[in-house]
Amino acid sequence: MNWISNYVKPTINSLFSRREVPENLWRKCDECGTMLFHRELTDALMVCPSCQHHMAISPRARFEALFDGGAFVTVPVPEPLADPLGFRDQKRYGERMREARRKTGEHEAMLVGEGTIGQAEVVCAAQDFSFMGGSMGMAVGNAIIAAAERAVAKHCPLILFAAAGGARMQEGILSLMQMPRTTVAVQMLREAGLPYITVLTHPTTGGVTASYAMLGDVQIAEPNALICFAGPRVIAQTIRETLPEGFQRAEYLLDHGMLDMVVHRRDMRDELATLIRMLMSLPPRSHGDLPAPEAAAPAPLPEPAPEPAPAAKAPAAKAEAQPPRG
Amino acid sequence: MQNYLDFEKGLAEIEGKAEELRALSRKNPDAPVEKEAAALDQKAHDLLRDLYANLDAWRKCQVARHPDRPHTADYIRALFTEYMPLAGDRNFAEDRAVLGGLARFDDRPVVVIGHEKGNDTRSRIEHNFGMARPEGYRKAVRLMDLADRFRLPVISLIDTTGAYPGKGAEERGQSEAIARSTEKCLAIGVPFVSVVIGEGGSGGAVAFATADRLAMLEHSVYSVISPEGCASILWKNAEKMKEAAAALRLTAQDLLKLGVIDRVIPEPVGGAQRHPDETISRVREAIASMLAELSGMAPEALRSARRRKFLDMGSKSLV
């Protein structure tokens, strides 16, 4: 160790390789490496404009883009016991939790909101991959149960956005027990005759995939999302098979019959609005922000379904054509 | 030939010495060794009792995976009469990692389902080491449906490292198959009891351990992830499996305290692998008593109590 390596080298490095990019200005696409201006990226819902890679999006940003006018009310989630195993690996579980809370500004790895999408009432739950890898612990289980109960109480669909590395190991068996617990939540919706739609985002793996994520009435995924039970590395290590191109990605699952459709994040809102209106037997959505002309009587409906809000309050819907599915 | 675990080395030496002495006395009947051999036997027995009274979490994992432990096929042979294996998922294949069918338990017809690991190279390969593919879980769903329609109780035996991590298994929907199997467990309106007889490995176990009553053998384990897997993720070092096993609290004793299981079935001294018959008869008693607790319950009452049980989980702490 001398002054050249201790002092000069770091200074030179700092001059020539400014590695950290201020978070509020630029971000590098995880996939293609393009430098993206932050505003541009958030406007595109965290989808890279150059390669269409779907980066992780926070539940709040997702909800703001999803609910009508970006307005939603969060559904309270009962607080579980903190650290019931007294778990400690290289760090204490409590310490990891504090870090995750500080980093994300969220309390846990799943946010539940209610509001309207295309004027249809809906409850949404979204998993936050940046919060301890979105891992499914008791709080995530409680969130899904609270979301299902709220949807049953309001008699509306539940849309769930999954994103997780799997179960939260720090809660041991209690994280595993969220598989049956969340399955009970799905059964509440089934028995109430309410749609349960899952949107699988990158990545959805392990016990999350093997419970609530794969039990949707309709299953959607974002492009190129990794969706699996055992991850590709585990499979490669265990069976030493070469895995095909695109293995366990959304399009691959679509080809293998495990999904209904792969939908670009930009189009998710419209697709969901159309879908839930059909499943809830609501009339078709009116597009555009102008009220329907008085004279042009709409096609008579066999059964006038209750409309929560008049068409006049419809937000500006994107006029662009629906892209082909799949 | 007894298979000794690494922590049983001392025991192996003592038992080996006793065996040598006896071999000597067979060659030379006049040698006065019986007394000495008996003393060694006593010493071995005491050591075994002490070892097994104080197994730590990692040692319990080793015992739970012991190749000589009775497996599902052994239990089926001993616990049931008229066992009639049923096969196939009606979609793709018959998965021999999961055994199941109709049988009589105390003369009462039941549906039995269990993971089978196999006990020699040939049978281990046949049963894929107890690691089910989607077809195994879909067969379990079929069997649970059958039980539900014909009002037969379901008895499941859990013994798996986990669901099989393979290319075909993933392509054919391993996650979906496990999710549907867990869903079926929670939907059936018949008594459903389950026993972890060895390893309860993660989602692959949940798929048919989601029962009204769940018992575990004293030295069996039930965990969200294997200690090796947990160590390689959280410690970045698979060699830290002892620490991981302890941290995961995966023993029957801890799970009982957490309210995740309903009872612990004591194993004879030295574990199920040393006394399979006695172990199986204790499992029989536990199953009979758990079924008795559920007798006379209406389908709707069973279903809602089962769901309530899982919804309520997580209120007990170990600290």
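**Chain B against chain A, and helix α13(B)**

Biologist: How many residues of chain B are in contact with chain A?
Modeller: This is a predicted model. On the chain A side, 52 residues take part in the contact. On the chain B side, the number is 49.

Biologist: What area do chain B and chain A bury between them?
Modeller: The size of an interface is often given as the accessible area lost when the parts come together. Here 71% of that area lies on carbon and sulfur atoms. K167(B), L234(B) and L311(B) lose the most area in chain B, together 15% of what that side buries. The total for both chains is about 4,100 Å².

Biologist: Which residue of chain B forms a salt bridge with E191(A)?
Modeller: The rule finds two salt bridges across the interface. In the one with E191(A), the closest N and O atoms are 2.9 Å apart, within the 4 Å cut-off. The partner is R307(B).

Biologist: Which element supplies the largest share of the side of chain B that touches chain A?
Modeller: Several elements each supply at least two residues, including α7, α10 and α14 of chain B. The largest share is ten residues. It comes from α8(B).

Biologist: Where do the buried residues of α13(B) lie around its axis?
Modeller: The buried residues include T279(B), V283(B), I287(B) and L294(B).

Biologist: How far apart are the end C-alpha atoms of α13(B)?
Modeller: The helix has 19 residues. At 1.5 Å a residue, it should span 27 Å. The model agrees: 27 Å.

Conventions:
Residues numbered from 1 in each chain as written. Chains lettered and ligands numbered in written order. Predicted model: local features only at pLDDT ≥ 70, side-chain atom pairs only at ≥ 80, totals over all residues. Heavy atoms only, no water. Helix = DSSP H or I, 4+ residues; strand = E, 2+ residues; numbered from the N terminus. Expected span 1.5 Å × (residues − 1). Buried < 20%, exposed > 50% of the residue type's maximum accessible area, 1.4 Å probe, protein only. Contact = heavy atoms within 4.5 Å. Buried area = accessible area lost by both parts, 1.4 Å probe. Salt bridge = Lys/Arg side-chain N within 4 Å of Asp/Glu carboxyl O.
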